[in-house]
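Here is a short report on one protein chain. Please look over the sequence and the fold before reading on.

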Amino acid sequence: FLCCKMHWLPRLLNTEVWISYKGTIEGLICIDISNQCKDEVPTIDQLNTTGFSSKSNHTGVGIQSVRNLISLVKGSTLNYQVESDQVIVTIKLKTRV
């Protein structure tokens with residue numbers, strides 16, 4: 001299990017972002033990306049809306065772009081949850097296609 005704070009992202013996004021590599025589980029590479037929300041904590045419905053962003057001056061295409069890329073690798077998944085002031089994105093990539 002490897003966890004690191006992305007030092008350049010907080011300055012760019014005015015937030016704290018953590019990326020955790022959980023290892024390979026059942027043939028899937030598991031990665032968590034945790035994004036601290038400074039202002040408004042979005043709902044799951046908002047996260048599913050293309051164009052929504054909780055950050056000012058952003059286009060709101062981040063999760064949708066990642067979802068599109070993940071869909072290219074059969075057996076891979078993208079899930080997210082909202083906990084307290086965090087949005088946690090879990091990516092599971094199939095190691096062999």
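## Overall fold

This is a predicted model. The protein chain has three helices and five strands. Read from the N terminus, the order of elements is β-α-β-β-α-α-β-β. The protein chain holds 97 residues, and 27% of them count as buried. Its accessible surface is about 6,600 Å². Carbon and sulfur atoms account for 54% of that surface.

## The largest pocket

Which element gives the largest share of the lining? H3 does, with five residues. By class, the lining of the largest pocket counts 17 nonpolar residues, eleven polar residues and two charged residues.

## The salt bridge

The structure has one salt bridge. Its partners are the side chains of Lys22 and Asp32, at 3.2 Å from N to O. Lys22 belongs to strand E2 and Asp32 to strand E3, so the pair ties together parts that are ten residues apart in sequence.

Are the two partners buried or exposed? Lys22 has a relative accessibility of 36%, so Lys22 counts as partly exposed. The cut-off for buried is under 20%. Asp32 has a relative accessibility of 16%, so Asp32 counts as buried.

Lys22 and Lys92 are 70 residues apart in sequence, and their C-alpha atoms are 9.8 Å apart in space.

## Two residues with positive phi

Next come two loop residues. Phi of Glu26 is positive, near 50°, and Glu26 is a residue other than glycine. Glu26 lies in the loop between E2 and E3. Its relative accessible area is 79%, so Glu26 is exposed.

Ser84 also has a positive phi, of about 55°, although Ser84 is not a glycine. Ser84 is placed in the loop between strand E4 (77–83) and E5. With a relative accessible area of 70%, Ser84 is exposed. The cut-off for exposed is over 50%.

Gly27 is found in the loop between E2 and E3. Gly27 is partly exposed, at a relative accessible area of 32%. Which residues does Gly27 touch beyond its neighbours within four places in sequence? Gly27 is in contact with Leu93, Lys94 and Thr95. Gly27 and Lys94 are 67 residues apart in sequence, yet 6.1 Å apart in space from C-alpha to C-alpha.

Thr43 is in the loop between E3 and helix H2 (44–47). Its relative accessible area is 41%, so Thr43 is partly exposed. Along the chain, Thr43 and Gln81 are 38 residues apart. Their C-alpha atoms are separated by 8.7 Å.

| Pair | Separation in sequence | C-alpha to C-alpha distance |
|---|---|---|
| Lys22 and Lys92 | 70 residues | 9.8 Å |
| Gly27 and Lys94 | 67 residues | 6.1 Å |
| Thr43 and Gln81 | 38 residues | 8.7 Å |

## Recap

The predicted chain has three helices and five strands. The one salt bridge joins the side chains of Lys22 and Asp32. Glu26 and Ser84 have positive phi values. Glu26 is exposed, and so is Ser84. Gly27 is partly exposed and is in contact with residues including Lys94.

Conventions. Residues numbered from 1 in each chain as written. Predicted model: local features only at pLDDT ≥ 70, side-chain atom pairs only at ≥ 80, totals over all residues. Heavy atoms only, no water. Helix = DSSP H or I, 4+ residues; strand = E, 2+ residues; numbered from the N terminus. Buried < 20%, exposed > 50% of the residue type's maximum accessible area, 1.4 Å probe, protein only. Areas by Shrake-Rupley, 256 points an atom, 1.4 Å probe, with all protein chains shown as cover. Nonpolar A, V, L, I, M, F, W, Y, C, P; charged D, E, K, R; others polar. Salt bridge = Lys/Arg side-chain N within 4 Å of Asp/Glu carboxyl O. Contact = heavy atoms within 4.5 Å.
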